[in-house]
Amino acid sequence: MPKRSKEKPLKRRSSEEELLPKQSRVEHGAPPSPLSFLSPSSLFESLIQPMGPEQFFSEYWEKKPLHLQRSDPTTASYYQSLFQLSDLQSLCSHDLEYYTDVNVVRCINGKKKDLNKQGKVKSSVLNKSFTQNKATIQFHQPQRFKDELWKIQEKLECFFGGLVGSNVYITPQESQGLPAHYDDVEVFILQLEGQKNWLLYNPTVPLAAEYCVESEERIGSPSHEITLKAGDLLYFPRGTIHQASTPAGGQHSTHLTLSTYQRMSWGDLLLDVFPSVLSARSKREVSLRGGMPRRFLLGDGAGQDTSRQMASLLRSLAEEIETGKQEVRSTHMKRDFITNRLPPHSQEDLLTPSGRIPALGDTVCLMHKDHMVITVEPSQERTDEASEMVVFVLHSLKNQRENHMMGESGDEEEEEDISRGLQFPLSHLQALLQLQKAEQLTVDQLQLPTEEEKCSLVLALWSESLLEVL
């Protein structure tokens, strides 16, 4: 997101690791939190207060921007404790890399200028870019290092049921970081230090599904001109064109961008569920297994009859979904979310099963329900027989906070997906859904044919710290 700020150059230090400009530092943990961490819902409600969630989602979510002005010094002090300019020096000791962890940019005449260096980030070099080049410092995913942000974003991921990323932007006075653009995420801006002037424009692509820089000629006049002050919050939907700068004559600006709902549209969901729905229906419906028109792939088979046939098949499929005859299951989106989201805050205490081993007469309940998903997918075992459907219970208890939202992927990570959960026969699905929906139940109530299967199921869940005996 575009941003700008500026600050007066300070005296240089002779040491190689020059300090960034000194600020009055808020001691971590000192200010009381205005946020409620009792539940995901209470966290979000306290984040957008004094507005209520019902009004927010009916009037603003995916519709229009919202500016919440706060004059409460407690909120301003707490926001500053989340991240401030003076934090950068200590963070530079974590072997940060340009581009990966830190991005240094400035917007000049409507164009982004890349001021990144190569290799490791040094505090002295970062300070020079900030004070002399008036560059914006963009810190990627600070929740990897800041416990309070981990705590906030983990709860928000439970609330939204989707990934929540963050970036911090620090801009000197009278400067701007990025040109006018729009994003593919829902955005919540928390102003942590100083002030920032925001210009918002009506979308050229409402609820955009990709990032794009827009030219000044296309965007027209601003729909909103907003000045954020410390403690304020600004929300705007994906696709909202925006740019921001720090006013002259003041201090630098620091703000936190919380972003969510990337690739979480109805279209994305249909892309996820449709292959499995169509595959299941094809096994039962011979008409879907009939051959397509000859030479269709060469462009000769397309015509009115083909279109009518495809529309008829889709209508039939839609009717089965609507009447509940065809179950709709998300697989890839569930797996992507649970394997990439933040682990529970203070996860160290959760990796060892607690309490005694469950027995047939015990009352049990699932733990960390917001950190687990149940999927039904083809078995990943390769055989010559027809693929068998199995149940996966995937969880995020073993996820690495240090990798959150850093885009690391590959074969290794796919292999690790299985190690983040359990696999059961399809016959165990109803028992797992029982556990997921119930507050508590006794082991012998599980919908499985034998006592051995019931005990085996709860033991496996207990071993993964997903179940406890009450």
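Predicted model: local features only at pLDDT ≥ 70, side-chain atom pairs only at ≥ 80, totals over all residues.
Contact here means heavy atoms within 4.5 Å. Leaving aside residues up to four places away in sequence, Leu156 touches Leu43, Phe44, Leu47, Val164 and Leu258.

Leu156 also belongs to the largest nonpolar core, which has 45 residues. Together with Phe56, Leu126, Ile152, Phe188 and Leu190, Leu156 touches the most other members of that core. Helix 6, residues 147-160, gives the most to this core, contributing four residues. There is also a second, separate core of 27 residues, and among its members are Met372, Val376, Leu441 and Leu457.

Two cysteines can be considered next. Cys107 has a relative accessibility of 7%, and because buried means under 20%, Cys107 counts as buried. Cys158 is buried as well, with a relative accessible area of 16%. A disulfide is a covalent bond between the sulfur atoms of two cysteines. The structure holds zero disulfides.

Gln309 has 43% relative accessibility, so Gln309 counts as partly exposed. Computed along the sequence, Gln309 and Met292 are 17 residues apart, while their C-alpha atoms are 10.0 Å apart in space.

The strands come next. Strand 16 (residues 372-378) pairs with strand 17 (residues 389-395). The two are antiparallel and share seven bridges, with Pro378 opposite Met389 in strand 17. Strand 17 also pairs with strand 18 (residues 421-425), again in the antiparallel sense, over five bridges. In that pairing Val390 stands opposite Pro425 in strand 18. Strand 17 is mostly covered, with six of its seven residues buried.

Another three strands form an open sheet with antiparallel pairing, in the order 19-15-20. Strand 19 (441-442) and strand 20 (467-469) stand at the edges with a single partner strand each, so one side of each has no neighbour in the sheet. Strand 15, residues 363-366, is joined to strand 20 by three bridges, and the two run antiparallel. Within this part of the sheet, Leu366 stands opposite Leu467 in strand 20.

Helix 12, residues 429-437, lies across strand 15, strand 19 and strand 20. The helix runs at about 85° to strand 15.

Notes: Residues numbered from 1 in each chain as written. Heavy atoms only, no water. Pairing = 2+ DSSP bridges. Axes fitted to C-alpha atoms, helices over the stretch in contact; angles between N-to-C directions. Buried < 20%, exposed > 50% of the residue type's maximum accessible area, 1.4 Å probe, protein only. Core = buried A, V, L, I, M, F, W, Y, C linked by side-chain atoms within 4.5 Å. Disulfide = S-S within 2.5 Å.
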